[in-house]
Amino acid sequence: MTEAKPLTLAEANRERRDIVTGEVMEEARLIRFVAGPDGVVVPDLARKLPGRGLWVAAERASIETAAKKGLFARAAKAKIQAPPDLANLVESLLKRRLLSGLGLARRAGDLTSGFEKVSAAITAGKAAWLIEASDGAADGRRKLWAKTRKQSPPTPIFGVFDAEELGLALGGENVIHTAFLAGRAAERWAQDAFRLSGFCPLLPESWREEP
């Protein structure tokens, strides 16, 4: 898996214009695209590819509108095409980037895993994110979730990846409970997590009714 180079906070806080709505907003809320050598629109999540940047809000509907209405070509003033599954591609790339970010964080000592360690991190106010395997047992998740709600503000919870995906990213087996410890790495990772929320829920639907 190719490791994603994290954005600096200064880079994320620059402002760009969304080609769909014309609204000026922080880069952290946008996806950058460029025209590839073959004239096809390419997502540039790391914002490093050469060429003129074409910026769209990090939302499925916005990217689908830009592709359907030819707004990339209009903004670029060139004959370029956007693939019909562009929004799905962005979602896939964001997920890959988030998993890569977790791997980097583990090696840097910015993650802790296992029920007891995660519980202690939440209680101590050191957890920036609670990351739960989407297919983990509900009992342990409920107990940790209850602890997050006692924090001010409540620790956000992320449940997009299953235990196998987390295990591959973190170099372990049966990874169910993980805490991303507070710090700059967690802040950078959160930027991609919030961008992903424009494409898919960060929590499985089945969790929404849990106490």
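Predicted model: local features only at pLDDT ≥ 70, side-chain atom pairs only at ≥ 80, totals over all residues.
In strand β8, Ile157 is the bridge partner of Leu130. The two strands involved, β7 and β8, pair in the parallel sense over 2 bridges. They belong to an open sheet of 4 strands with the order β6-β9-β7-β8 and mixed pairing.

**The four-stranded sheet**

- The edges of the sheet are taken by β6 (111–113) and β8; each has a single partner strand, so one side of each is left without a neighbour in the sheet.
- Helix α4 lies across β6, β7, β8 and β9 (177–181), and runs at about 90° to β6.
- Helix α6 (residues 138–148) also packs on this sheet, where it touches β7, β8 and β9. The direction of α6 makes about 160° with that of β7.

**Aromatic pairs**

- How many aromatic pairs does the structure hold? There are 8 aromatic pairs.
- One of them joins Trp129 and Phe158 in an edge-to-face arrangement, 6.3 Å centre to centre with 80° between the planes.
- This pair links distant parts of the chain, as Trp129 sits in strand β7 (residues 127–132) and Phe158 in strand β8 (residues 157–158), 29 residues apart.
- Are the two partners buried or exposed? Trp129 counts as buried because its relative accessibility is 5%, and the cut-off for buried is under 20%. Phe158 is buried too, with a relative accessible area of 0%.
- Phe180 and Trp189 make a tilted pair, because their ring centres are 5.5 Å apart and their planes stand at 45°. Both Phe180 and Trp189 are buried.
- Which residues make up the aromatic cluster? Trp129, Phe158, Phe161, Phe180, Trp189 and Phe194 form one cluster, so both of the pairs described above have their residues in it.

**The three-stranded sheet**

- A second open sheet is built from 3 strands in the order β4-β3-β5, with antiparallel pairing.
- Here β4 and β5 stand at the edges with a single partner strand each, so one side of each is left without a neighbour in the sheet.
- From one strand to the next, the twist averages 35°.
- Strand β3 (residues 30–35) is mostly covered, with 5 of its 6 residues buried.
- On the β5 side, β3 runs antiparallel to strand β5 (residues 54–57) and is joined to it by 4 bridges. Ile31 has Val56 as its bridge partner in β5, and Arg32 stands opposite Trp55 in β5.
- On the β4 side, 3 bridges join β3 to strand β4 (residues 41–43), again in an antiparallel run. Val34 stands opposite Val42 in β4.
- Strands β3 and β4 form a hairpin with 5 residues between them. In the turn, Gly39 has a positive phi of about 80°.

- Helix α4 lies across β3 and β4, running at about 25° to β4.

**How α2 meets α4**

- Two packed helices are described by the angle between their axes and the distance between the axes.
- Helix α2 (residues 60–68) and helix α4 (residues 86–108) pack at an angle of about 140°, with 8 Å between their axes.
- The two helices are therefore oblique to each other, because angles over 145 degrees would be needed to count as roughly antiparallel.
- From α2, the contact takes in Arg60, Ile63 and Glu64; from α4, it takes in Leu86, Ala87, Asn88, Val90 and Glu91.
- By type, the residues of this contact divide into 4 nonpolar, 1 polar and 3 charged.

- Where does Pro84 lie? Pro84 is in the loop between α3 (71–76) and α4.
- Pro84 is exposed, because its relative accessible area is 83% and the cut-off for exposed is over 50%.
- Pro84 and Glu64 are 20 residues apart along the chain, and their C-alpha atoms are separated by 7.6 Å. Glu64 is also one of the α2 residues that meet α4.

Conventions. Residues numbered from 1 in each chain as written. Heavy atoms only, no water. Phe/Tyr/Trp six-rings, centres within 6.5 Å; stacked < 30°, edge-to-face > 60°. Buried < 20%, exposed > 50% of the residue type's maximum accessible area, 1.4 Å probe, protein only. Pairing = 2+ DSSP bridges. Axes fitted to C-alpha atoms, helices over the stretch in contact; angles between N-to-C directions. Parallel < 35°, antiparallel > 145°, perpendicular 65-115°, else oblique. Contact = heavy atoms within 4.5 Å. Nonpolar A, V, L, I, M, F, W, Y, C, P; charged D, E, K, R; others polar.
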